Amino acid sequence: MEHAMIVVHRPSAGGGRRVSVHRDGRAEILGLAHSDHDLIVFLEAAGLSYPAELLDDPGWVEWRGGGPHEWGATP
């Protein structure tokens with residue numbers, strides 16, 4: 001698979017974060033993650049190899065509106 005940009009969006013009011021992959025000029029929503037494990041499962045399903053190693057790589061994953069690995073509801 002070619003290089004993709006993964007976006008983990010801001011935490012939702014009910015908890016969890018929407019995850020999308022951006023490639024070929026398009027964005028595809030992968031789902032709502034509530035943990036690093038959920039995110040890894042989404043990335044595996046999108047065809048990324050070794051997704052656990054990508055979570056802290058800003059060249060692959062952009063964490064928006066909250067810090068990395070924060071999954072709770074917004075205050």
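Which residue in β2 is the bridge partner of methionine 5? The legends below begin with the answer.

**Figure 1. The pairing of β1 (5-11) with β2 (17-23).** In β2, histidine 22 is the bridge partner of methionine 5. The two strands, β1 and β2, pair in the antiparallel sense over five bridges; two strands are said to pair if DSSP finds at least two bridges between them. Strands (E, at least two residues) and helices (H or I, at least four) are DSSP runs, numbered from the N terminus. The model shown is predicted, so local features need pLDDT of at least 70 and side-chain atom pairs count only at pLDDT 80 or more, while totals for chains, interfaces and linings use all residues. Residues are numbered from 1 along each chain as its sequence is written, and side-chain values use heavy atoms, with hydrogens and water left out.

**Figure 2. The hairpin of β1 and β2.** Five residues lie between these strands. In the turn, glycine 15 has a positive phi of about 100°.

**Figure 3. The pairing of β2 with β3.** Strand β3 (residues 26-33) and β2 pair in the antiparallel sense over seven bridges. Within this pairing, isoleucine 29 in β3 is the bridge partner of serine 20. The hairpin of β2 and β3 has two residues between the strands.

**Figure 4. Two residues with a positive phi.** Most residues other than glycine have a negative phi. Aspartate 24, in the loop between β2 and β3, has a phi near 55°, a positive value in a residue other than glycine. Tyrosine 50 is found in the loop between α1 and β4, and its phi is also positive, near 55°. Aspartate 24 is exposed, with a relative accessible area of 61%, and tyrosine 50 counts as exposed at 63%. Exposed means over 50% relative accessible area, buried under 20% and partly exposed in between (1.4 Å probe, protein chains only).

**Figure 5. The largest nonpolar core.** A nonpolar core is a set of buried Ala, Val, Leu, Ile, Met, Phe, Trp, Tyr and Cys residues joined through side-chain atoms within 4.5 Å. Of the 15 residues in this core, Ile6 and Leu39 touch the most other members. Two or more residues come from each of β1 (5-11), β2 (17-23), α1 (36-45) and β4 (61-63), and the largest share, three residues, is given by α1.

**Figure 6. The surroundings of leucine 39.** Not counting residues up to four places away in sequence, leucine 39 touches Val8, Val19, Ala33, Leu55, Trp63 and Trp71. Contact means heavy atoms within 4.5 Å.
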